[in-house]
Amino acid sequence: MILADKIIRLRKKNGWSQEELAEKMNVSRQAVAKWEGAQTIPSMEKILQLGELFGVTLDYLLKDEWESEETTGTVVETLVRRVTLAEANEFLAWRERASIRIAAGVFLCILAVVPLLLLAAWAEYSPTGISEELAGVGGLMILLMMVAAAVAIFIFCGFENRSYEFLDKEFFETEYGVRGMVQQRQKEYKTTYARCNVIGACICILSPIPLFLGALLKNQFYMIVLLAVTLLLVDIGVMFFLVPGVRWASMEKLLQQGDFQPEEKEKNRTMESISGFYWTIVTAIYLAWSFVTGRWGSTWIIWPVAGVLFAGLRVLLDLLPSQKRR
């Protein structure tokens with residue numbers, strides 16, 4: 001076994017990514033990748049440092065005929081979780097089902113404000129409308145019921161996904177045949193994934209058209225109705241992103257590609273915490289503003305603004321770690 005293979009073996013046994021090993025060795029991730037790819041050989045100083053870090057002898061690292069590790073007793077072996085072919089198939093099947101449930105929850109959340117808008121418009125602009133108090137209470141009740149249903153779906157999916165949380169939190173390896181199976185399924189799904197993203201993007205781009213038509217009509221009632229149509233189109237567009245996106249991400253997770261590379265997992269966990277706090281604050285601001293002003297027909301503007309700001313926040317957070325690495 002050559003030095004490159006031994007570095008890979010020892011790194012994985014300790015559950016470290018290339019970036020984590022690079023930080024411990026005070027080198028770049030590219031340098032570690034070249035060591036493991038047998039493109040370059042570490043200097044003698046770095047080989048000595050590797051021996052101390054992994055707790056193995058210099059003879060084991062340098063002599064290709066030494067297959068068994070000769071440890072110095074300074075490192076405790078780390079057990080690495082292995083994903084079987086059956087577990088991988090079960091996980092992919094679960095994520096296919098979960099993609100529909102998650103999409104349904106998001107659909108309810110986005111559309112929850114529509115009944116409130118329509119009832120408010122009916123009460124204010126229709127001669128046969130209901131009272132504003134009844135419209136407000138009724139619309140708010142429907143909104144809360146739809147959000148409650150969405151939250152129930154998310155909680156259920158969270159409980160069902162607990163068996164696979166280690167894929168996000170731990171380093172793992174896949175048994176023979178898993179990687180090939182997942183790569184084949186990813187290859188077969190690639191066209192569908194790309195097509196759905198194109199359709200979703202087109203629907204989202206075209207979704208403001210009903211709102212523009214409502215502005216031309218110069219009728220507040222029809223404008224609010226067409227605003228609801230716009231929100232519905234946005235909701236449909238999001239579904240085209242979400243369902244295939246969840247399924248594609250499940251395959252990347254098993255392959256540890258993209259956002260699911262070991263060095264990206266910590267960043268993703270940080271982003272999840274920030275996003276949960278962020279959208280909780282946005283929801284609180286929206287409800288407070290709407291109740292204080294009573295302008296439910298216009299306070300919806302906070303959502304697209306919040307979405308743009310969140311995208312900017314995500315880009316900023318993605319840039320900060322890279323600056324740190326350089």
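In the predicted model, helix α8 covers residues 132-160, a run of 29 residues. The buried residues of α8 are A135, G138, G139, L143, M146, A150 and C157. An α-helix has 3.6 residues a turn, so residues three or four places apart point the same way. The elements that cover the buried residues of α8 include α6 (85-111) and α7 (113-125).

Two helix pairs were examined for packing geometry. Helix α11 (residues 209-217) packs against helix α12 (residues 220-255) at an angle of about 175°, with the axes 8 Å apart. Angles over 145 degrees count as roughly antiparallel, and α11 and α12 are therefore assigned to that class. On the α11 side the contact is formed by P210, L211, L213, G214, A215 and L217, which meet Y222, M223, L226, L227, V229, T230 and L233 of α12. Eleven residues of this contact are nonpolar and two are polar, with no charged residue.

Helix α2 (residues 18-25) and helix α3 (residues 29-36) also have axes 8 Å apart, but the packing angle is about 110°. The range of 65 to 115 degrees counts as roughly perpendicular, and this description therefore applies to α2 and α3. Q18, E19, L21, A22 and M25 from α2 are in contact with R29, V32, A33, W35 and E36 from α3. By class, the contact of α2 with α3 contains six nonpolar residues, one polar residue and three charged residues.

Conventions:
Residues numbered from 1 in each chain as written. Predicted model: local features only at pLDDT ≥ 70, side-chain atom pairs only at ≥ 80, totals over all residues. Heavy atoms only, no water. Axes fitted to C-alpha atoms, helices over the stretch in contact; angles between N-to-C directions. Helix = DSSP H or I, 4+ residues; strand = E, 2+ residues; numbered from the N terminus. Parallel < 35°, antiparallel > 145°, perpendicular 65-115°, else oblique. Contact = heavy atoms within 4.5 Å. Nonpolar A, V, L, I, M, F, W, Y, C, P; charged D, E, K, R; others polar. Expected span 1.5 Å × (residues − 1). Buried < 20%, exposed > 50% of the residue type's maximum accessible area, 1.4 Å probe, protein only.
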